[in-house]
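Please look first at the sequence and the three-dimensional structure shown here.

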Amino acid sequence: MCTVCGCGDKVTFETTHGHAHHGHEDHDCGCGGHHHGHDHGHGHGHHHHGLGAAGASVPGMSQERLIEVETDILSKNNVYALSNRHRLREMGVHAVNLVSSPGSGKTTLLCKTISLLAGTPLAVIEGDQQTSNDADRIRRTGAPAVQINTGKGCHLDAHMVGHALDDLPLVPGAHLFIENVGNLVCPAAFDLGEDAKVAILSVTEGEDKPLKYPDMFTAARLAILNKVDLAPYCDVDLDLYEANLRRVNPTIEVLRVSARTGEGMEGWLKWLSGRRTAKMLGVRG
């Protein structure tokens, strides 16, 4: 159980063979003392009105102590992330951390991507609080997948991903897709050892979403504006979506995609191929 807030009390891993086992039950979830309930007061070091310097409030714990705990948790996570990154670099495996709010179409996009990458070696780590629904969908495409159920935890951390890597049949030069828990707050702060965070944003979510959750879109290297086939029916301004993304992250790359119709998928596959090739060349060099 998390020593700070009690979230993430049990992490369950389901391997590619469908066998479940329980992971580190005493892992530090990284919430930094944030209350995980219906009122998510996540701060990760940013000042939130009325909450103090830590951006959160825990009865009996000072703001200074909250900051100290969060810093320690993130430091521990970064050690695991460094180990994961070294492990993946040695194999020339290109890893992307797919992050978004629930319902953005991450899994549909991933299934479509796997279908279009037929013949390219790849593997998937699926993160959800409960169920193996998404991992089951991935496995039906023929791709190997490990499901991590975080329980009350609201994000994956590098320690969990390291355990999952032990159960994946990764080969040199493969793609590794990490589908994070649907959440635009906590996953922004946690390095998993990936090469890049890819933020998926549905056109149905509202053009101001990047302004409301700037940390996530600042941390992302690429934003996929998904479900563009619905744009004519949602009265949305795609140019405003892009403008707001670049307002919080001037260097972010943006792709307009519909996983359902296939629109824009060629650009996404080209982005993946280019980065995978660069990773493999770096390893050979």
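This is a predicted model: local features need pLDDT of at least 70, side-chain atom pairs count only at pLDDT 80 or more; totals for chains, interfaces and linings use all residues.

Residues are numbered from 1 along each chain as its sequence is written, and side-chain values use heavy atoms, with hydrogens and water left out.

The chain has 9 helices and 9 strands; helices (H or I, at least four residues) and strands (E, at least two) are DSSP runs, numbered from the N terminus. Of its 285 residues, 53% count as buried. Buried means under 20% relative accessible area, exposed means over 50%, and partly exposed is in between, with a 1.4 Å probe and protein chains only. A contact means heavy atoms within 4.5 Å. Among the contacts in the chain with a separation of 6 or more, 71% are accounted for by residues 24 or more positions apart.

In soluble globular proteins, nonpolar side chains tend to be buried together. A nonpolar core is a set of buried Ala, Val, Leu, Ile, Met, Phe, Trp, Tyr and Cys residues joined through side-chain atoms within 4.5 Å. The largest such core here has 26 residues, and Phe177 and Trp268 have the most contacts inside it. At least two residues of this core come from each of strand 3 (94–99), helix 2 (106–116), strand 4 (122–128), strand 7, strand 8 and helix 9. Helix 9 gives the largest share, 5 residues. Apart from this core lies another, of 19 residues, which includes Met216, Ala220, Ala223 and Ala231.

Which residues does Phe177 touch, leaving aside its neighbours within four places in sequence? Its partners include Val96, Leu98, Leu110, Ile125, Trp268 and Leu272. Met216, of the other core, is in helix 6 and is buried, with a relative accessible area of 0%. Leaving aside neighbours within four places in sequence, Met216 is in contact with Val99, Asn183, Leu184, Pro187 and Ala188. Met216 and Ala189 are 27 residues apart in sequence, and their C-alpha atoms are 8.0 Å apart in space.

Rings of Phe, Tyr and Trp (its six-membered ring) pair if their centres lie within 6.5 Å; planes under 30 degrees apart count as stacked, over 60 as edge-to-face and the rest as tilted. A search of the whole structure finds 1 aromatic pair. Trp268 and Trp271 form this pair, which is stacked, with 5.8 Å from centre to centre and 20° between the planes. Both residues lie in helix 9 (residues 265–284), 3 residues apart, about one turn of the helix. An α-helix has 3.6 residues a turn, so residues three or four places apart point the same way. Trp268 counts as buried at 1% relative accessibility, and Trp271 is buried at 9%.

How are the buried residues of helix 8 placed around its axis? In this helix (residues 238–248), Leu238, Tyr241, Glu242, Asn244, Leu245 and Val248 are buried. Seen down the axis, these buried residues fall within an arc of 165°, so they line one face of the helix; the arc is that of the directions from the helix axis to the C-beta atoms. The face turned away from the buried side carries the exposed residues Asp239 and Arg247. Among the elements against which the buried residues of helix 8 pack are strand 7 (196–202), strand 8 (222–226) and strand 9 (253–256). At the N-terminal end, Asp237 caps helix 8, with a side-chain oxygen 3.0 Å from the backbone nitrogen of Asp239.

Glu242 of helix 8 counts as buried at 15% relative accessibility. The side chain of Glu242 makes a polar contact with the side chain of Arg256 (2.7 Å). A polar contact is a pair of N or O atoms within 3.5 Å; within protein, one must be able to donate a hydrogen and the other to accept it, and residues adjacent in sequence count only if both atoms are side-chain atoms.

Finally, a search of the whole structure finds 0 disulfides, a disulfide being a pair of cysteine sulfur atoms within 2.5 Å. The sulfur of Cys154 is 3.3 Å from the closest cysteine sulfur, in Cys186, which is too far for a bond. Cys154 is buried, with a relative accessible area of 6%.
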